[in-house]
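Open the structure in your viewer and keep the selection tool at hand. The stops below go from one selection to the next.

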Amino acid sequence: MNIGIVCYPTFGGSGVVATELGKALAKKGHRIHFISYALPVRLSAFEENIAYHEVTVSDYPLFEYPPYELALANKIVDVARYEKIDLLHVHYAIPHASAAYFAKQMLAAEGIKLPFITTLHGTDITIVGKDPTFETAISFSINESDAVTAVSESLKQDTYYFFRKVTREIEVIPNFVCPEHYNLPEAGKHRKFYASPKEKIMVHISNFRKVKRVDDVVRVFDIVRKKIPSRLILVGDGPEKSNIEKQCRELNACNQIQFLGKITEPNTILAIADLFILPSETESFGLAALEAMAAGSPVISTNKGGLPEINIQEVSGMLSNVGDVEEMAKNALYILSDEKRLTKFKSNARKQAKKYAIGKILPQYEQLYAKVVGEPKRKV
Ligand code: GMT
């Protein structure tokens, strides 16, 4: 199949899922056209069957807000016309679903059919999308999609709850990992650069937005480090970063906390993690937690959104209420303080992640693509 994929090119989970999905589809012989405003971060090397089409937006001085959505719709039309794509798959509703709808209408006027699938990722529904500024447009473009998927059951329910006008059936296709990316026995030799053999390593990866509650990560670590020799590695960057640096200084913990920024291969850090911590306010899925599990790291997380669907209490990790730093620290100490228990949690985490191996999830997307392309055309 000839498939267009629209996504954000950044480090966020939706862009990562879209890129890894496209790469896996390309390996199976599909021709993939990524459409975005920059090269997706996980698409750094040449890959067979993959093309990249950049959306450029006019910087005419009149535009205080450059019309990205219009430029994107135009690019989709261009790619569909000349590359003859069979199907468009957009990741993250805003503004990708409405741009896809607009492109579909423009193409229909030329007699070209372009069905599109919208995958909802999380904040496009739970934070940004439910903002009244977007609500009507989001509901409309979800309803007009030829198929809609959500990355967890929780996100599907949230969509119906926040968007009362959404009537479209939503299929849950969970996020996935490529287990071989996380099997890095060689990475262990880097451990000595981050911790002594006696110290445990806790890791957190995020975009440092408020919703991630990175301050709770540091507060949990501050309790843990007083009981067990340990280090904290923080991966990623974002608006809260300088507050977190300040917090580390105030706690006198800078010697034990390392900020690595936006590294492109977090799997090498996850390979040396003893514990991953994700205390988010909400998380539609928590791809970072799944990646950590795939690398054999148990997860301390909150119990909100889709997290309980992937992190299983007392199996792959432990879950707590949002903000319950004391309990999260108690759970972290419970896992880290006993070697046998830690080993068991690590092996359980790997097993749990294998349920989300790409080999199991990819066919679900392929079946959906076949259904959408084969289906009689919905109203144009
Ligand atoms: O977490 C973010 O703010 C980024 C966002 C994104 O678009 O990348 O993440 C969302 O999508 C991921 C991939 O499906 C999910 O794993 C994250 O849980 C979800 N984030 C939230 O729901 C906060």
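Select helix α3, residues 93-109, and find Pro95 inside it; helices here are DSSP runs of H or I with at least four residues, strands are runs of E with at least two, and both are numbered from the N terminus. The model is a predicted one, in which local features need pLDDT of at least 70 and side-chain atom pairs count only at pLDDT 80 or more, while totals for chains, interfaces and linings use all residues. Residues are numbered from 1 along each chain as its sequence is written, and side-chain values use heavy atoms, with hydrogens and water left out.

Stay at Pro95 and show the bond to Ile94: the peptide bond joining the two is cis, with omega about -10°. Next, go to Asn49, in the loop between β2 (31-36) and β3 (50-54). Asn49 is not a glycine, yet its phi is positive, near 70°. Most residues other than glycine have a negative phi, and most peptide bonds are trans.

Now colour the chain by domain. Domain 1 covers 2-176 + 358-373 and domain 2 covers 179-354, with bounds that come from an automatic or database domain assignment. Their C-alpha centres are 30 Å apart. Where they touch, domain 1 supplies 20 residues and domain 2 supplies 18 residues, contact meaning heavy atoms within 4.5 Å.

How much area do domain 1 and domain 2 bury between them? The figure is about 1,300 Å², 61% of it on carbon and sulfur atoms; buried area is the accessible area (1.4 Å probe) that two parts lose on being put together, summed over both. On the domain 1 side, select Phe11, Arg42 and Asn175, which lose the most area to domain 2 and together make up 33% of what that side buries.

Show the ligand next. It is surrounded by 18 residues, the closest being Gly13, Ser14, His121, Lys212 and Glu283, where a residue counts if one of its heavy atoms lies within 4 Å. Asn175 has a polar side-chain atom 2.8 Å from a ligand oxygen atom. Lys212 also places a polar side-chain atom 2.8 Å from an oxygen atom of the ligand. At Phe285, look at the backbone: a polar atom there is 3.2 Å from a ligand oxygen.

For the last stop, select Glu339 and Lys200, whose side chains meet in a salt bridge at 2.6 Å, N to O. Glu339 is in helix α13 (residues 339-354) and Lys200 in strand β8 (residues 200-205), so the pair ties together parts that are 139 residues apart in sequence. The whole structure has 21 salt bridges.

Methods. Polar contact = N/O pair within 3.5 Å; in protein donor to acceptor, adjacent residues only side chain to side chain. Salt bridge = Lys/Arg side-chain N within 4 Å of Asp/Glu carboxyl O.
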